[in-house]
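This briefing is meant to be read with the sequence and the model side by side.

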Amino acid sequence: MAIRLFLKTICLLVFTTQLALAETPAGIPGVDELIQAGIQDKKIPGAVVLIGTKDQILHRKAYGARQILPTEEPNTIETIYDLASLTKPVATATSVMLLMERGKIDINAPVCHYLPEFTSHGKDKITIHHLLTHTSGLIADNHIRDYQQGKEEAWKRICDLKLVAPPEEKFIYSDVGFITLGVLVERVSGIPLNEFVQQNIFNPLKMVDSSYQPDASLIGRIAPQNQENNRWIRGTVHDPRASLMGGVAGHAGTFATADDLSRYARMILNNGSLDGVQVLAPATVAAMEKSHSVPGNGLRTWGWDRKTGYSGNRGQGMSDMAMGHGGFTGTGLWIDPELDLYVIVLSNRLHPEGKGAVNKIIGEIGTAAVNAVKQNKTAAQ
């Protein structure tokens with residue numbers, strides 16, 4: 001009995017030590033300096049950086065302040081950020097992948113097969129693939145007045161839009177295309193987009209602080225943006241079109257912590273599985289990772305950037321398999337399956353004056369992460 005108790009105590013001590021080591025990584029050289037320079041130059045008030053592999057955390061740290069005005073609040077790992085356009089791949093495109101996997105949609109089928117009203121002015125030729133790769137010919141953003149009467153009227157206005165170009169002729173990064181995908185998910189699944197995402201992505205992955213329309217109890221942990229009508233934007237989506245649609249849209253609207261996003265990234269690196277839960281089938285992850293050429297010598301995947309004019313936040317040295325995305329509010333996520341690496345940088349660059357810039361910083365942090373991983377692999381050989 002005494003020996004058994006002693007062995008149990010030793011195992012517990014070993015487990016506790018391993019956990020402590022996992023939660024306090026040595027860090028990636030150069031990252032602290034990059035973020036501190038960004039704070040000093042007033043490009044960001046603060047940030048959370050989380051870098052890791054499918055089973056190891058390499059860098060996990062909060063910097064600066066999450067709020068400067070009206071009073072200063074120090075940043076923490078638990079800070080929740082408005083993800084802005086990171087909503088596109090993490091929430092909307094992943095939802096589309098799930099519907100494809102379940103046989104509910106054909107990604108190469110015209111969108112009007114599922115949304116019959118989406119046909120005028122040549123839109124009957126647009127496929128789901130076109131929307132996912134921003135090759136539909138839809139405008140980047142239609143006028144804000146089209147959204148001022150709410151979601152239903154906004155959708156009617158989108159259905160009445162003329163195309164900027166025929167499908168596949170131009171690469172036009174389009175919020176309108178992903179708003180359409182959000183409507184598609186709702187129509188095919190039969191439930192609101194936020195509920196589908198919560199039930200099928202966030203909850204299975206235990207992304208406990210991730211959601212559309214975050215609960216009021218979380219506002220104290222949410223990083224504020226700039227002011228609008230003399231009120232700080234905090235706890236409601238910054239994107240004006242998503243806001244006018246009630247805070248739930250396919251192009252923007254989700255909030256999350258870096259820890260939560262790391263769970264998503266690890267799921268992708270683990271072929272769709274995390275902690276014994278299969279969220280996406282391996283074949284679905286492979287389909288999402290596949291490159292598709294877009295006009296202008298660019299590469300996209302279904303929902304993600306790979307190499308286009310929007311890749312300014314991509315780390316140098318990432319492999320051809322790397323895929324990522326940014327968000328207007330100052331967020332970025334890159335996942336590199338070949339290097340077994342993900343890089344998350346979350347900031348609220350718009351606070352407090354609606355300015356700031358973080359894409360270059362995110363790219364430089366990605367480069368530092370790549371260099372560290374490659375050096376570690378070389379040293380281990």
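Predicted model: local features only at pLDDT ≥ 70, side-chain atom pairs only at ≥ 80, totals over all residues.

Residues are numbered from 1 along each chain as its sequence is written, and side-chain values use heavy atoms, with hydrogens and water left out.

**Packing of α3 and α6**

- Helix α3 (residues 87-101) packs with helix α6 (residues 175-189) at an angle of about 45°, their axes being 10 Å apart; helices are DSSP runs of H or I with at least four residues, strands are E runs of at least two, and both are numbered from the N terminus.
- That angle makes α3 oblique to α6, a class left over once angles under 35 degrees (roughly parallel), over 145 (roughly antiparallel) and 65 to 115 (roughly perpendicular) are set aside.
- Axes are lines fitted to C-alpha atoms, for helices over the stretch in contact, and angles run from 0 to 180 degrees between N-to-C directions.
- On the α3 side, K88, T92, A93, S95, V96 and L99 meet D175, F178, L181, G182, V185, V188 and S189 of α6, where contact means heavy atoms within 4.5 Å.
- By class, this contact of α3 with α6 has seven nonpolar, four polar and two charged residues; Ala, Val, Leu, Ile, Met, Phe, Trp, Tyr, Cys and Pro count as nonpolar, Asp, Glu, Lys and Arg as charged, and the others, Gly among them, as polar.

**Buried residues of α10**

- In helix α10 (residues 282-289), T284, V285, A287, M288 and E289 are buried, that is, under 20% relative accessible area, with exposed meaning over 50% and partly exposed in between (1.4 Å probe, protein chains only).
- The buried residues of α10 pack against α3, α9 (258-269), β13 (305-307) and β14 (323-327).

**Salt bridges**

- The structure holds 16 salt bridges, each a side-chain nitrogen of Lys or Arg within 4 Å of a carboxyl oxygen of Asp or Glu.
- R187 and E117 form one at 2.6 Å, N to O; R187 lies in helix α6 and E117 in the loop between α3 and α4 (128-133), so the pair ties together parts 70 residues apart in sequence.
- E186 pairs with K151, with the closest N and O atoms 3.0 Å apart; E186 is buried at 19% relative accessible area, while K151 is partly exposed at 29%.
- R66 is linked with E73 and R234 in a network of salt bridges, and R66 is buried, with a relative accessible area of 10%.
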